Every structure is written in C-alpha cells, then in structure tokens.
Amino acid sequence: MTLKLIATDMDGTLLTDAEKTFDHEYFGRLLTRMEKLDVKFVVASGNQFPKLLQYMQDFLGRNILYVAENGGYIAREDRDILISAFSPETVAAVVKVLDQFPDLGFIISAHEGAFLIRDRAEPITRIVREHMEFLGAEVPRELDYISFINRFYPDTQVIESLDEMGDASVVKFALQTHRRDIENILKQLVDLLPSNVVPVASGFGAIDLVSRGVNKGSALKWVGQELGIKPEEMIAFGDNSNDLEMLQYVGEGIAVENAAPHVKAVADTVIGTNEDGAVLKYIEVKLDQLESAQQ
C-alpha cells in the first residue's frame, strides 16, 4: 500500500489518559521523516481547534492538518478550510432538548469559540473534575469553574442566553456525563433530537452532538479529494465511536488495545495502548516499510 496520509485521534489514542500528552521528541523525529516522504499528518479529534493547537504547540509551522470537532471544522494552524455549522434554528432546538437533562453538562462549540450557559456550569465542572481525579490527574481545588473549564475548552465565554452568541457558527455540542449513564442518555437523545443532529460517544463519558453526515470519515474524504489522496493511501488510529467512520474509510483502520470493543471489531489492525505510545511505534513501522519500498 502506498502511504500518503496518516490521521490519528487524540484522547485515548495518541494522548495518555491522565497527563494528556505524548512523546514529543519521538513524534518530532517521525514528523521529519513524514515530511521527507511527503506523507501528510492529520490530527482528527472531537476537541476544539484551539485545544488541538495547544497539544501540538511544539510542532507549529510543520504543515499539520487539523480535523477538529469530530469533522465539523477543518483547518491549518493559520487558516480555516471548512466549517460545517448548525443553523440557528437547530441550535435552539438542541438546547431545548438539553433543557430536559438538567444534570447533563454541555459546552456549545463554535468557530468563534466555546460558550457555556451559566446555569449549566456546575454539572460540567463537577463531572469533568471527578473524571480527571479518577484518572489520577492533579486538579487544583481552588480554581473557579470558568478557569477550570478553560483548561479543557480554551477561551470559553459564559453566557446567560443564546442571544449572546450572536451569529456564531456552532459546529458541535460537547456533552459530559458519567460513563455509567452514557448508553441510557444516548438512547434518549436519539429519540429527542432533531433528525439532522447525531449524538456520538467520544470516550470518558463524553457525548458529542454533530450534524448528520459530518464525522471524521467525511472530513478525511473531503481532505483526500482536495489533496488527491485515495482512501487506500491513508491509515488512521482511533479508540471510540466517533472514530468509526474514519477507521472504516481509510485503507487501514487501526484501533488501540484500550479501544471500545465495537471499535476493535471493525478495525483492520489492533495495536498496543495509548499509555505505551503504540500509535507512534506503529507509525515508525509504516515509515520503515515505506522507506524500504522506495530504495
């Protein structure tokens, strides 16, 4: 297989669970090899674009492509490429549905930034804090809720009502619940949400609401068409439901060992875990193979 594009999910795949990091020195060496081989590198995540830039801040200027918000936003670090936004009517309809789940925390994620409705601040702060403490991360207790949320959703604005968002281009709703409740809430949301909105689990009790037909797979298809790269010339790494379309679209879909069982079931290859740096190790193997084939 000719390899021209490598895409990876972040949380639970490239990143470790508690510290949310990866081996930067190792990745830097691999990225240099990718550049020499003309292999494109794509960060494909449910995270906001600003958060992805934070994760990759040591590699700015290296021509990395970003698929953020589960495919709702495609960009390079210096320019937007594609924004798939909800209509204002859909945003209002979704918030009305979420009003039926007062204990469910959520962030409204837009191209212009993230928005947190003030009366939903307590649930999302509490749930995210409990989850990070469970993973062993150090979370300062004295942080106010907006400072705390900004660690995960940069530049979040607190609003009282949707009117304060103006004409912001909303691309995703990021919901947070407990892992034990996620399947039940997903079933309810499927029945209650507008037909053009799809709920998808993205790991660690998170549920993302995205436009129907918008996902990491559709984003890679669009990227491939723009760059002249066929799906069989791509590989991708993932661990959860929001990675399914991407893993099924590319020539080789690779799940980490800690992936959800239904994700591993559809993957072409299963490797080690996010905690042991399996993604970078496998990329090195593929680059070795590519270099050998070109000699």
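## Nonpolar cores

Met 56 touches Met 10, Phe 22, Phe 27, Phe 41, Val 43, Ile 64 and Tyr 66, leaving out residues up to four places away in sequence; contact here means heavy atoms within 4.5 Å. The model is a predicted one, in which local features need pLDDT of at least 70 and side-chain atom pairs count only at pLDDT 80 or more, whereas totals for chains, interfaces and linings use all residues. Residues are numbered from 1 along each chain as its sequence is written, and side-chain values use heavy atoms, with hydrogens and water left out.

Met 56 is also one of the residues, with Ile 6, Phe 27, Met 34, Phe 41 and Ile 283, that touch the most other members of the largest nonpolar core, a set of 59 residues. A nonpolar core is a set of buried Ala, Val, Leu, Ile, Met, Phe, Trp, Tyr and Cys residues joined through side-chain atoms within 4.5 Å. Buried denotes under 20% relative accessible area, exposed over 50%, and partly exposed in between (1.4 Å probe, protein chains only). Helix α11 supplies the largest share of this core, 7 residues. Another core, of 28 residues, lies apart from it and includes Ile 159, Phe 173, Ile 185 and Val 197.

## Helix α7

Ile 185 belongs to helix α7 (residues 182–192), whose buried residues are Ile 182, Ile 185, Leu 186 and Leu 189. These residues lie on the same side of α7 because they cover an arc of only 105° around the axis, the arc being that of the directions from the helix axis to the C-beta atoms. The face turned away from the buried side carries the exposed residues Glu 183, Lys 187 and Asp 191. Helices (H or I, at least four residues) and strands (E, at least two) are DSSP runs, numbered from the N terminus.

## The sheet

An open sheet of 8 strands has the order β5-β4-β3-β2-β1-β12-β13-β14, with mixed pairing. Its edge strands, β5 (79–83) and β14 (269–270), each pair on one side only; two strands pair if DSSP finds at least two bridges between them. Helix α11 (residues 278–294) packs on the sheet, where it touches β1, β2, β12, β13 and β14, and its direction makes about 165° with that of β12. For such angles, axes are lines fitted to C-alpha atoms, for helices over the stretch in contact, and values run from 0 to 180 degrees between N-to-C directions.

Strands β3 (residues 65–68) and β4 (residues 73–76) pair in the antiparallel sense over 4 bridges, and Ala 68 stands opposite Tyr 73. Glu 69, in the loop between β3 and β4, has a positive phi of about 55° although it is not a glycine. Glu 69 counts as buried at 2% relative accessibility.

## Strand β13 and its crossovers

Both faces of β13 are covered, with Glu 252 and Ile 254 buried on one side and Gly 253 and Ala 255 buried on the other. β12 and β13 pair in the parallel sense over 4 bridges, and Ala 236 stands opposite Gly 253. The chain passes from β12 through helix α9 (residues 244–249) to β13 in a right-handed β-α-β crossover. Right-handed means that, with the strands pointing away from the viewer, the path from the first strand over the helix to the second runs clockwise.

β13 and β14 run parallel and are joined by 2 bridges. A right-handed β-α-β crossover also leads from β13 through helix α10 (residues 261–266) to β14.
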